[in-house]
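Subject: Handing over a structure

Hello,

I am passing this structure on to you, with some notes on what I found in it. Please have a look at it before you read on.

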Amino acid sequence: MFEQGPRNRRRLAGSLLACLALVTVSACGETDEAIFIVLNFEEASVPEKVDSICLGLWDTDPLGGQFGERYALASPAQATLAVEPGLATTGHLLVQGYSFGKRVALAQQDFDFSGPDVEASLAFCGPGLAEPATERASVAIAEGAAMAVSQGPEGAWILVASAGESRVYSAGSAGLGQLAIDAPVSAGAVKSVLAVDADGDCDDDFIVLNEGGASLWRRDRRALVLDNALLPSQPQTAIRSIALDFNGDLLADVALVGPDGLTLWQGASDGLKQVTSGVTSEELRNASAIAAGDLDGDGFVDLAIARQGLPDRLLYGDGTARFTLSTASLAEDDRDSRAIAIGDLDADGIAEIVIASLGAPITAFARNGTREYVDRSFLLLPNADSQDATGLAVADWNGDCEADVLIAAPQTLSWASGQAALAEEASLPEAREILVDDLLGAGDRDALLLSATSLRWWRR
Ligand SMILES: [Ca+2]
Ligand SMILES: [Ca+2]
Ligand SMILES: [Ca+2]
Ligand SMILES: [Ca+2]
């Protein structure tokens with residue numbers, strides 16, 4: 001196993017930090033027994049710039065040790081980590097790549113300490129997938145469930161949680177298999193689930209929002225463990241949440257929204273702490289969804305917040321937990337917005353905002369000036385009728401390194417990037433939640449569609 005303990009942890013971290021600066025393997029050689037892990041960061045390998053990574057190593061033996069650390073990426077082409085095996089014979093490497101705290105890339109593989117050095121790449125897209133997506137599996141689920149995907153040493157876990165029942169699925173050649181994993185169970189109705197690495201060990205834990213508030217289900221090898229000590233104790237009524245890094249310290253922060261507006265939890269070494277945002281709850285009441293990204297290009301993460309029956313809002317961050325409500329942004333209408341996403345739809349390096357509302361078509365807003373966003377749906381999106389959409393995923397679904405839009409609705413749609421603007425690609429089964437992730441750790445794209453009665457897995 002890896003030699004664990006504060007002294008050894010510092011030394012391993014120092015060795016990677018030194019190598020990030022020097023980008024040479026020879027500078028990392030500290031011991032005879034070490035194996036070298038070489039990470040390659042390919043330019044433009046993901047639609048969003050990877051600005052930090054979490055590098056996790058686990059002994060294959062669940063009783064063995066582990067190592068996890070987050071690192072900022074300036075613009076290295078390569079980094080090397082020397083790892084001493086201790087008693088371990090085989091290990092698992094997982095590298096999560098983040099943009100402003102949101103995971104946008106992934107690399108993982110098993111390795112053998114007696115074998116060659118390990119080489120991993122954070123590539124996630126290209127050269128483009130011509131084949132249409134097909135359904136790989138469909139399973140029946142309990143009514144009222146919510147889902148999220150956690151990446152960790154045993155691969156991707158799909159949590160489907162509802163009142164009185166928690167199921168964890170894994171995607172494989174046989175379809176979606178239910179794993180025999182000990183997990184907490186929500187007593188009340190589940191509003192949403194978020195995957196976020198709350199304890200900094202590079203695997204994703206879950207924050208489950210239900211009628212009673214929030215609870216943290218920490219991923220711990222073959223189990224999910226209730227660990228609310230990592231969350232603030234303040235009661236809150238949030239219905240949706242996102243992972244982000246609003247103060248640039250590499251620790252995962254969480255932003256939550258609901259009828260009472262915005263709540264911010266700032267990551268610390270011993271868990272998440274509630275901080276004030278600078279915006280009153282009245283100014284953001286009836287919030288229904290939230291997305292994060294750098295909207296004005298100043299290097300600090302900003303927030304886009306959808307609301308039910310009230311104008312959607314933009315908040316500009318200053319690199320701390322303080323956000324300023326924009327008065328001159330997004331249309332001042334009162335649609336029933338249910339989902340919001342940020343992505344660069346036209347690949348010009350400037351983020352766009354996509355909003356899904358009940359009884360209205362999908363809308364895309366583009367930056368006009370410094371901090372103003374205006375409706376540019378007619379330029380950016382296919383001509384579309386009202387979709388009654390409740391979920392959105394903006395991610396590279398067709399593998400050309402440009403953002404695509406997947407819309408969860410009574411008739412779910414995918415809009416694909418291509419030569420010019422987004423074009424309608426395919427109709428998918430009904431869904432109310434949708435997400436795109438890499439379920440097999442192979443650099444491919446998977447979509448999960450959650451409806452009232454089923455979980456469906458589509459794959460390119
Ligand atoms: Ca974790
Ligand atoms: Ca910004
Ligand atoms: Ca753009
Ligand atoms: Ca694409």
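A word on pairing to begin with: two strands pair if DSSP finds at least two bridges between them. Helices (H or I, at least four residues) and strands (E, at least two) are themselves DSSP runs, numbered from the N terminus. With that in hand, E2 and strand E3 (residues 66-72) run antiparallel and are joined by 7 bridges.

Before going further, some housekeeping. This is a predicted model, in which local features need pLDDT of at least 70 and side-chain atom pairs count only at pLDDT 80 or more, while totals for chains, interfaces and linings use all residues. Residues are numbered from 1 along each chain as its sequence is written, and chains are lettered from A and ligands numbered from 1 in the order in which they are written.

The chain as a whole

The chain holds 2 helices and 35 strands. Of its 460 residues, 49% count as buried, that is, 20 or more other C-beta atoms lie within 10 Å of their own, with C-beta atoms placed from the backbone (12 or fewer would be exposed, and anything in between partly exposed). Two residues are in contact if their C-beta atoms, again placed from the backbone, lie within 7 Å. Among contacts with a separation of 6 or more, 55% are between residues 24 or more positions apart.

Around strand E2

Strand E2 (residues 52-59) is mostly covered, as 7 of its 8 residues are buried. A hairpin of 6 residues leads from E2 to E3, and Trp 58 stands opposite Gln 66 in E3. E2 also runs antiparallel to strand E5 (residues 90-99), through 8 bridges; here Leu 57 stands opposite Leu 93.

Two open sheets

One open sheet has 4 antiparallel strands in the order E21-E22-E23-E24. Its edge strands, each pairing on one side only, are E21 (287-293) and E24 (323-325). Strand E23 (residues 313-317) pairs with E24 over 3 bridges, and Leu 315 stands opposite Leu 325 in E24.

Another open sheet, also of 4 strands with antiparallel pairing, runs E29-E30-E31-E32. At its edges are E29 (391-395) and E32 (423-428). Strand E31 (residues 412-416) and E32 share 5 bridges, and Ala 426 in E32 is the bridge partner of Ser 414.

The nonpolar cores

A nonpolar core is a set of buried Ala, Val, Leu, Ile, Met, Phe, Trp, Tyr and Cys residues joined through C-beta atoms within 7 Å. The largest one here has 108 residues, and Met 147 and Leu 392 have the most contacts inside it. Strand E10 (residues 155-162) gives the largest share of this core, 6 residues. Apart from this core lies another, of 25 residues, including Ile 37 and Leu 94.

Leaving out residues up to four places away in sequence, Met 147 touches several residues, among them Ile 158, Val 193 and Leu 450.

Strand E9 (residues 146-152) contains Val 149. Val 149 counts as buried because 22 C-beta neighbours lie inside 10 Å. Beyond its neighbours within four places in sequence, Val 149 is in contact with Ala 156, Ile 158, Ala 195, Leu 435 and Asp 437.

Best wishes
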